[in-house]
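Subject: Structure handover

Hello,

Here is the structure you are taking over. My notes follow below it.

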Amino acid sequence: MTENTPDKLHFTVLKLETVEMLDVRNGGIYVDATLGLGGHAEAILQANDEVRLMGIDQDGEALRFARERLQPFEGRTTFVSSNFSEIRNVLHEAKAGEVDGIVADLGVSSLQLDSDERGFSFRFDAPLDMRMDASSEGPMASELLAELSEVEIADIIYRHGEERFSRRIARWIVERREGGTPIRTTKELADLVARAVRRKPKDKIHPATRTFQALRIAVNRELEILEQFLIDGIDSLKTDGRFAVITFHSLEDRIVKQTFQRLAGKCFCPPRMPKCICGAVKKIEIVTRKPIVPGDDEIQQNPRSRSAKLRVVRRIADQ
Ligand SMILES: C[S@@+](CC[C@H](N)C(=O)[O-])C[C@H]1O[C@@H](n2cnc3c(N)ncnc32)[C@H](O)[C@@H]1O
Ligand SMILES: [Zn+2]
């Protein structure tokens with residue numbers, strides 16, 4: 001672990017807003033599905049002395065860190081090492097029943113981004129891994145780049161990174177591997193992208209930023225699992241229970257927004273469809289018409305919060 005200075009702990013994104021919007025209730029059971037450093041979890045536990053909290057994370061290092069931080073709340077906390085796509089099983093196994101609230105602060109934590117060995121950042125030279133769950137058997141980013149076709153690599157970089165030089169970057173990656181030197185480290189990838197797009201790493205945003213984001217999303221299958229997680233989460237809520245989700249880029253936010261709209265009853269079928277087939281049902285009410293975003297102060301203190309969007313829904317009684 002690197003740089004686990006107490007300062008980092010202050011950087012829980014939209015902390016007050018999230019807890020307020022969750023409407024934390026006396027005696028309630030809350031799930032933090034992305035425990036991370038435990039910032040939101042701590043704020044929920046502090047909001048009411050009677051609440052219990054289950055923290056889920058797929059990153060063992062995060063769980064160890066948060067467990068220690070949340071030591072003062074022992075007796076009211078449980079910790080589960082799992083992917084949040086398993087939320088139904090996790091709650092079932094814990095015999096937790098339906099819960100009063102769920103929070104998900106998506107993406108990577110500063111613990112992961114600031115690690116000099118896990119391969120999430122081009123700021124450190126490390127094996128190009130990027131798995132949030134380091135114990136998983138899923139492929140590392142370097143393995144994806146070694147095994148996928150040029151078109152598949154370009155597709156990932158374009159779709160998950162919105163990178164307009166995606167094809168060029170993919171061609172360079174494949175040419176390099178055909179030359180017998182596949183990419184193995186963060187530095188190799190960052191340098192290759194900078195050369196492929198002919199931009200200097202000194203530019204304000206490093207030219208490899210979008211490629212790194214895209215690979216991380218692909219390695220962790222972040223977009224594939226999101227919609228079902230939202231559906232399962234909503235199904236795990238008591239009536240009046242709340243679900244608060246913080247996203248960090250437009251691809252994620254679009255999925256959250258549309259899934260919530262559909263579960264609030266909005267039909268997304270093409271105009272002339274005789275009958276609805278998109279699965280629109282009314283299970284929730286949207287609490288935040290517009291997403292809540294950080295204020296200038298928060299962005300100044302923590303520039304990583306600048307793209308955050310918080311959306312909250314409330315479960316309604318079955319109709
Ligand atoms: C942005 S951080 C959360 C920070 C936390 N809210 C705080 O205040 O400290 C996201 C965390 O979610 C975890 N995570 C991301 N996707 C996950 C998934 N599908 N299942 C379980 N954990 C996940 C990551 O490992 C990371 O620790
Ligand atoms: Zn429909």
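How many nonpolar, polar and charged residues does the shell around ligand 1 have? The shell has 7 nonpolar, 11 polar and 3 charged residues. Here Ala, Val, Leu, Ile, Met, Phe, Trp, Tyr, Cys and Pro count as nonpolar, Asp, Glu, Lys and Arg as charged, and the others, Gly among them, as polar.

This is a predicted model: local features need pLDDT of at least 70, side-chain atom pairs count only at pLDDT 80 or more, and totals for chains, interfaces and linings use all residues. Residues are numbered from 1 along each chain as its sequence is written, while chains are lettered from A and ligands numbered from 1 in the order in which they are written.

**Ligand 1**
In total, 21 residues surround ligand 1 (C-beta atom, placed from the backbone, within 6 Å of it). The closest are T34, G36, L37, G39 and D105. Two elements give two or more residues to this shell: α3 and β2 (52–57). Helices are DSSP runs of H or I with at least four residues, strands runs of E with at least two, numbered from the N terminus.

**Positive phi**
D23 is not a glycine, yet its phi is near 60°. D23 sits in the loop between α2 and β1 (29–32). D23 is partly exposed, with 17 other C-beta atoms within 10 Å. R221 is also no glycine and has a positive phi of about 50°. Its loop lies between α11 (209–219) and α12 (222–235). R221 counts as exposed, with 12 C-beta neighbours inside 10 Å. The cut-offs, for C-beta atoms placed from the backbone: buried at 20 or more others within 10 Å, exposed at 12 or fewer, partly exposed in between.

Best wishes
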